[in-house]
Amino acid sequence: MLDKIISQFGLQLLSVNEAADSFSSTVYKCTLLNRENVFIKIPYTQLKFQRELEAYEILKGQVAIPEMLNYWPGDEECPGAFLLSQLKGNVLTAEASPQVAFQVGVIHAEMHSVQPPPGKVLTGLKNELPDWPIFIEKQFNSFAEDVREVLDNDLYNKAIARFLKMKQELPSPDGPSFIHMDFRPANIIVDHDKVSGIIDFESVRFGSTEIDFTKLYRDFLSLDSAKYKAYKDGYNSVRTLIDLEAVLPFYRFTDAFNSIGWCKRRGMKKNAAFYEENLEILKKLL
């Protein structure tokens with residue numbers, strides 16, 4: 001499949017290496033004959049391909065993202081592929097400065113400021129805000145079928161009861177905003193003390209911003225109060241941040257629950273460490 005995609009893009013390469021930390025799609029880092037690096041991304045499904053294609057079209061010129069150099073809509077064997085430029089820098093780490101955290105807040109708010117384009121027909125990137133509670137419940141119930149197979153009954157039943165109770169306590173949704181749905185350090189590129197941009201748009205939606213803080217909080221913001229404050233200051237410099245304390249408990253819980261279901265769906269052995277991490281979070285939150 002990769003050889004076919006390379007041929008479709010007309011690339012002449014010095015090297016090709018599969019990129020790390022890409023859990024859903026398949027990503028290859030390619031070095032061209034002129035030593036320039038580009039990326040080939042193969043989304044997991046055709047829907048994810050279409051969603052990401054529309055995201056690149058909508059975000060261009062509004063938020064710092066890679067340049068989409070080319071794309072191929074795929075065939076019966078391949079769901080499609082993108083040829084993307086390389087953003088300068090490396091993924092966000094816990095060692096990043098409060099200055100970087102401020103910039104992460106800015107770019108996150110810039111993305112959340114993007115609204116559905118009027119008059120544009122979207123086939124992959126849906127606006128879920130009008131039925132937001134239904135969207136959240138559908139996601140949860142979809143993964144619940146997988147979670148039931150790996151959790152003991154008591155823990156599973158407690159989780160279901162907690163979800164129903166906490167969902168009733170959520171504030172009014174904040175949107176419609178462009179939401180990433182996987183806004184975590186591995187999808188934020190930093191060059192020294194400057195955020196270069198955001199990557200990976202195959203899970204995006206228009207919806208409520210409240211769902212979009214969980215993974216960043218889990219993996220970065222919760223580790224340092226000074227960086228958490230800097231992030232909030234950066235976000236508020238662009239748009240008003242919602243009360244995170246009112247929504248984070250619910251979305252941290254549902255993220256852990258859904259991640260357990262994702263591990264079951266994609267292979268328990270392959271994702272054992274991620275499963276154990278989320279099981280521990282779920283137990284603590286229950």
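In what sense do E3 and strand E5 (residues 81-85) pair, and over how many bridges? The pairing of E3 and E5 is antiparallel and spans 4 bridges. Two strands count as paired if DSSP finds at least two bridges between them. Helices (H or I, at least four residues) and strands (E, at least two) are DSSP runs, numbered from the N terminus.

The model is predicted: local features need pLDDT of at least 70, side-chain atom pairs count only at pLDDT 80 or more, and totals for chains, interfaces and linings use all residues. Residues are numbered from 1 along each chain as its sequence is written, and side-chain values use heavy atoms, with hydrogens and water left out.

Strand E3 covers residues 37-42. In E5, Leu 83 is the bridge partner of Ile 40. E3 also pairs with strand E2 (residues 26-32), antiparallel, through 6 bridges. Here Lys 29 has Phe 39 of E3 as its bridge partner. E2 and E3 form a hairpin, with 4 residues between them. Arg 35 lies in the turn and has a positive phi of about 75°. Of the 6 residues of E3, 6 are buried (under 20% relative accessible area; exposed is over 50%, partly exposed in between, with a 1.4 Å probe and protein chains only). Asn 37, Phe 39 and Lys 41 are on one side of E3. Val 38, Ile 40 and Ile 42 are on the other.

Strand E6 (residues 90-91) is joined to E8 by 2 bridges. Asn 90 has Val 190 as its partner in E8, and Val 91 has Ile 189. Strand E9 (residues 194-198) is joined to E8 by 4 bridges. Val 190 has Val 195 as its bridge partner in E9. E8 and E9 form a hairpin with 2 residues between them. His 192, in that turn, has a positive phi of about 60°.

Strand E8 spans residues 188-191. Ile 188 and Val 190 point one way from E8, while Ile 189 and Asp 191 point the other way. All of them are buried.

Helix H7 (residues 225-236) has 12 residues and reaches 16 Å from its first C-alpha to its last. The expected span is 1.5 Å times one less than the number of residues. Buried residues of H7 are Lys 227, Tyr 228, Ala 230, Tyr 231, Gly 234 and Tyr 235. They cover an arc of only 165° around the axis, which puts them on the same side of H7 (the arc is that of the directions from the helix axis to the C-beta atoms). Ser 225 and Lys 229, on the other side of H7, are exposed. The buried residues of H7 pack against helix H3 (98-112), helix H6 (214-219) and H8, where contact means heavy atoms within 4.5 Å.

Helix H4 (residues 132-147) has 16 residues and reaches 22 Å, close to the 22 Å expected. Its buried residues include Trp 132, Phe 135 and Phe 140. Helix H5 (153-167) and helix H8 (244-266) are among the elements that cover the buried residues of H4.
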